[in-house]
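Q: I would like to learn how to read the features of a model like this one. Could you walk me through it?

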Amino acid sequence: MHGYELIQQIAEKSNGTWKPSPGSIYPALSQLEDEGLVLIDKVAGRKTAKLTEEGRTYVDDHRADLGSPWDDVADSVGVDARDLRALIGQLMGAAGQVAGVGTMRQVEQAAEILTEARRSLYRILAEDEPNDQRPDGTAPAPDSM
């Protein structure tokens, strides 16, 4: 596979939780090539990587130690975080639609909603009162968020 295919495979196997960048994939492949575990070759103008015989032997001999890194990453993030990522993706899609085809007023309304959503998320982390009031009952200054 070439680097982009590896990135896609890792993202797919980790259910989108882990999507390495080209800046991390290509140096890792280069290191594996230096260690004799991977052969980098140009196929149809693209650099592709495949396990060498030594690489296959290493994987077979260390399969238990290597485990399933994409599962480990997916498990470490948890279902709730993955659900939030999916919701963020849906939100971005909807915002993109409003930005692309909405009227000026609809875009302004969407901006207000997104601004309030950001503020609300920070209030959750700060454990502030949900009704925009401080514990003493006063409202924060409008530009303090």
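A: Gladly, beginning with the elements: helices (H or I, at least four residues) and strands (E, at least two) are DSSP runs, numbered from the N terminus. Glutamine 109, for instance, lies in helix α7. This is a predicted model, in which local features need pLDDT of at least 70 and side-chain atom pairs count only at pLDDT 80 or more, while totals for chains, interfaces and linings use all residues. Residues are numbered from 1 along each chain as its sequence is written, and side-chain values use heavy atoms, with hydrogens and water left out.

Q: What span does α7 reach from its first C-alpha to its last?
A: The expected span of a helix is 1.5 Å times one less than its number of residues. With 23 residues, α7 reaches 33 Å, close to the 33 Å expected. Just after α7, glutamate 127 takes a positive phi of about 55 degrees.

Q: Is threonine 48 buried or exposed?
A: Buried means under 20% relative accessible area, exposed over 50%, and partly exposed in between (1.4 Å probe, protein chains only). Threonine 48, in strand β2, has 17% relative accessibility and so counts as buried. Contact means heavy atoms within 4.5 Å; leaving out residues up to four places away in sequence, threonine 48 touches Met1, His2, Leu39, Ile40, Asp41 and Val43. Alanine 44, by contrast, is exposed at 81%. Alanine 44 sits in the loop between β1 (38–43) and β2 (46–51) and has a positive phi of about 55 degrees although it is not a glycine.

Q: Which residues make up the largest nonpolar core?
A: In soluble globular proteins, nonpolar side chains tend to be buried together. A nonpolar core is a set of buried Ala, Val, Leu, Ile, Met, Phe, Trp, Tyr and Cys residues joined through side-chain atoms within 4.5 Å. Here the largest one has six residues: Ile7, Ile10, Ile25, Leu29, Val38 and Ala49. The elements giving two or more residues to this core are α1 (3–13) and α2 (22–34).

Q: Which residues line the second largest pocket?
A: On a 1 Å grid over the protein atoms alone, a pocket is an open set of points where a 1.4 Å probe fits, with protein on both sides within 12 Å along at least five of seven lines; lining residues have an atom within 4 Å of a point. The lining here is Leu84, Leu87, Ile88, Leu91, Leu114, Ala117, Arg118 and Leu121. α6 (79–101) and α7 (104–126) each supply at least two residues of that lining.
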